[in-house]
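Please open the structure in a viewer and keep the selection tool at hand.

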Amino acid sequence: MDRAFYDALETREPGERESALMAALPGVIAAAKDRAPAFRDSLAKVRPEDITDRRALVDLPVTRKAELIELQRRNPPFGGFNTVPVGEIGRIFASPGPIYEFEARRPDFFRMARALFAAGLRPGDLVHNTFAYHLTPAGAMVESAAQALGCPVIAAGTGQTEQQLRVIADLRPIAYVGTPSFLKILLDRAAEEHSDISSVTKALVGAEAFPSALRAEFRARGIGALQCYGTADLGLIAYESTDAAGDICEGMVLDEGVIVELVHPGTGEPVAPGEVGEVVVTTLTPEYPLIRFATGDLSAQLQGPSPCGRTNHRIKGWLGRADQSAKVRGMFVHPTEVAEIIRRHKSIIRARLVIERPASADQMMLLVELGEPAEPASAIAETLQSVTKLRGTVTRVPEGSLPNDGKVIEDKRPIG
């Protein structure tokens, strides 16, 4: 490893990277179709050798995280997405749901070492890992990555603040890994009790929001903290980086081992560059291939390369949740239904369903940006009722006026 990058993959020409990812894609799809029961049916009519670019990938079905509980119930333990038997697995985890995930028997299975390196960790750095080790995978994800990087790990886990402060003071780790909120708890308690944890100067945080004010507070206390974005199913998706001056670069760089799409919520269709969309990921993991796996998270692509020198695409990070389903007058309305209305009316450029309760009854209004020739609002309203089985009004708004925030359904009803 050189001082700036984890490996040569991070600085490839973008065209070279895209060619490599697309060249690997048919083999991944073929293996999934042959050895993962979940894909045997959903990809039955797919010829893997034809899936060699992103346009072809868009035609494949999307698998949603919300479906995993039912899929795993029907085909335990992993819903048929695994290509190896349980006997060849290293660890099994249980996330809320429950949803079961696993780690295969090879180093850095979740590809987290790249994020640790970007956060400044180097071989030999002692890491204080406060992600949970009990059933959930975060602790093991970081530990296996740190060990692959050559970093010893303090298996701290969550809670036991007093004991953790004593461990840090005694063992003098250089890096903290965990949630930003727990790092603040440790720092505040250490200040109250005059405990010396000043050895910690680097941090990789995740699993929750990381406000800029909290980042600045950590920096004022001598800790440079970067964040990463990943899931228990997919592993690392993207991570923050710094430039040559040590300043944090805008956005997050995508991991080298995934293909990321941003799609309209409720559909599998890509959004325009810069538009907010749902994060859909295809992994190149042979033991657990996930093809067009919808995370339920919203993000947007940043244009241009990162100032850090890495050449992969960047996303803005987590911008909210894509699952905007709402219950109206006793019936659920889903983003897929808004997408169906748009599909049926070619003049609709963009639409947003707004739900309000001005008095005692729920009301729906579909805001639409229309191209010319514009279809009549009455016709769109008929489709709205036909698709959702609920009455609602349709209002035309100026083109470009709907916010670029990924929202398809906006629920404005008061809580409580």
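This is a predicted model. Begin by selecting Phe 110: its relative accessibility is 2%, so this residue counts as buried.

The structure holds 8 aromatic pairs. For another of these, select Phe 39 and Phe 81: the ring centres are 5.3 Å apart and the planes stand at 80°, so this pair is edge-to-face. Phe 39 belongs to helix α2 and Phe 81 to the loop between α4 and β2, so the pair ties together parts 42 residues apart in sequence. Both Phe 39 and Phe 81 are buried.

Next, select Phe 117 and Arg 122. The charged end of Arg 122 sits over the ring of Phe 117, 3.5 Å from the ring centre.

Turn now to the salt bridges, of which the whole structure has 35. In helix α4, select Glu 70 and Arg 73, which lie 3 residues apart, about one turn of the helix. Their side chains meet in a salt bridge of 2.6 Å, N to O. Arg 73 is exposed, at 59% relative accessibility, whereas Glu 70 is partly exposed, at 31%.

Then select Arg 172 and Asp 196, whose side chains form a salt bridge of 3.4 Å, N to O. This pair links distant parts of the chain, 24 residues apart.

Finally, select Asp 7, Glu 10, Arg 111, Arg 114, Asp 255 and Arg 310, which are linked in a network of salt bridges.

Notes: Residues are numbered from 1 along each chain as its sequence is written. This is a predicted model: local features need pLDDT of at least 70, side-chain atom pairs count only at pLDDT 80 or more; totals for chains, interfaces and linings use all residues. Side-chain values use heavy atoms; hydrogens and water are left out. Rings of Phe, Tyr and Trp (its six-membered ring) pair if their centres lie within 6.5 Å; planes under 30 degrees apart count as stacked, over 60 as edge-to-face and the rest as tilted. Helices (H or I, at least four residues) and strands (E, at least two) are DSSP runs, numbered from the N terminus. Buried means under 20% relative accessible area, exposed over 50%, partly exposed in between (1.4 Å probe, protein chains only). A charge sits over a ring if NZ of Lys or CZ of Arg is within 6 Å of the ring centre and within 35 degrees of the ring normal. A salt bridge is a side-chain nitrogen of Lys or Arg within 4 Å of a carboxyl oxygen of Asp or Glu.
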